[in-house]
Amino acid sequence: MNKIRTILHHKNSRALSSGPQGPVTANQLLALLTPMKRILCLCPVPSLGRSLRLHSLSEDDYEHYTVGIAVSDPYLAYATPIVKEAKSTLSLMFPKTFAHTAAIDKKSIVIQGLPNSEKEFLRQIGYSDVGALLLALPLHQNSNLITSKSDVERMTSIRDSIMYTVEKFGFHNDNETSRRPLELKCLIDNDLTLDKVKEMAVEEPEMWEEITFDCGVDVSPHNQSAIALNAFLWDHTGGWRNTFG
């Protein structure tokens, strides 16, 4: 797998000079990803105790989402959840006026806990060798999070807003013209349930040792992000056994 990635990386070296302007497909991400670079995954999950539907709150209230963070190993074999201190947790919030609509006005999103630079963000999570960004959806089974087509559309819109917010709030390296670590990004429409994840873990337990999901339906945001990233690796790189035999 690493040999294939190296060949594809050199084949696409011309594209790397300018970098993709928007999100790419999964196959494009893997072809453009520099060998031995990690993939970072961000996944917005409704904060515990806060429902998607806020019928009783005033118009000044906000919907709150904690952004789960996970990172792959350099060989793209498995994902590890990143647990940040409460004071530095990355979160999203948007006005309740959008609580009953599928589409979210990206300009209304407020992000908390985001550093001023991409370099500082990677320093905070403890990994400077990141080469790409995945933006994922949470599990279907999380406090009845996604129960209808409109809910899926809204969660997709919220997920996509992270890309807008990340770019807006300056993930830039000063005085650098090369492609930034998080400039290569992919939106994944993962259709995962807790039962499906458990089946995958039984089939390839080595790949899931870093992730905790046996705590009922309320799986933590960082574990949900790691689950989404692991599923991506499972589908597109073959996971642990394809890498390490």
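Reader: How many of the residues count as buried here?
Author: In this predicted model, 51% of the protein's 245 residues count as buried.

Reader: And how much accessible surface is there, and what share of that belongs to carbon and sulfur atoms?
Author: The accessible surface of the protein comes to about 11,900 Å², and carbon and sulfur atoms account for 50% of that area.

Reader: What about secondary structure, how many helices and strands?
Author: There are eight helices and seven strands in the protein.

Reader: Let's look at one residue, then. Where is Pro-81, and is it buried or exposed?
Author: Pro-81 lies in strand β3, which covers residues 79-82, and it counts as buried because its relative accessibility is 15%, under the 20% cut-off for that class.

Reader: Which residues does Pro-81 touch?
Author: Leaving aside residues up to four places away in sequence, Pro-81 touches Ile-69, Ala-70, Glu-210, Ile-211, His-222, Asn-223 and Ala-226. As for Ser-220, its C-alpha is 9.8 Å from that of Pro-81, although 139 residues of sequence separate the two.

Reader: Changing topic to charges: how many salt bridges does the count come to?
Author: The count comes to four salt bridges. In one of them Asp-129 pairs with Arg-38, with the closest N and O atoms 3.0 Å apart. That pair links distant parts of the chain, since Asp-129 sits in the loop between α4 (118-125) and β6 (130-135) while Arg-38 belongs to strand β1 (residues 38-46), 91 residues apart.

Reader: Are those two partners buried or exposed?
Author: Asp-129 is partly exposed at 23% relative accessibility, whereas Arg-38, at 16%, counts as buried.

Reader: What about Arg-123 and Glu-120, how are they placed in helix α4?
Author: Arg-123 and Glu-120 are three residues apart in helix α4, so about one helical turn separates them. Their side chains meet in a salt bridge with an N to O distance of 2.7 Å. Arg-123 is exposed, with a relative accessible area of 56%, and Glu-120 is partly exposed at 26%.

Reader: And which residues are joined into one network?
Author: The side chains of Arg-159 and Asp-160 meet in a salt bridge at 2.4 Å, N to O, and salt bridges that share partners join Arg-159, Asp-160 and Asp-189 into one network.

Reader: Why do Arg-159 and Asp-160 count as buried?
Author: Arg-159 counts as buried because its relative accessibility is 2%, and Asp-160 is buried with a relative accessible area of 17%; both classes rest on the cut-off of under 20%.

Technical notes. Residues are numbered from 1 along each chain as its sequence is written. This is a predicted model: local features need pLDDT of at least 70, side-chain atom pairs count only at pLDDT 80 or more; totals for chains, interfaces and linings use all residues. Side-chain values use heavy atoms; hydrogens and water are left out. Helices (H or I, at least four residues) and strands (E, at least two) are DSSP runs, numbered from the N terminus. Buried means under 20% relative accessible area, exposed over 50%, partly exposed in between (1.4 Å probe, protein chains only). Accessible areas come from the Shrake-Rupley method with a 1.4 Å probe; for residues, only the protein chains shown count as cover. Contact means heavy atoms within 4.5 Å.
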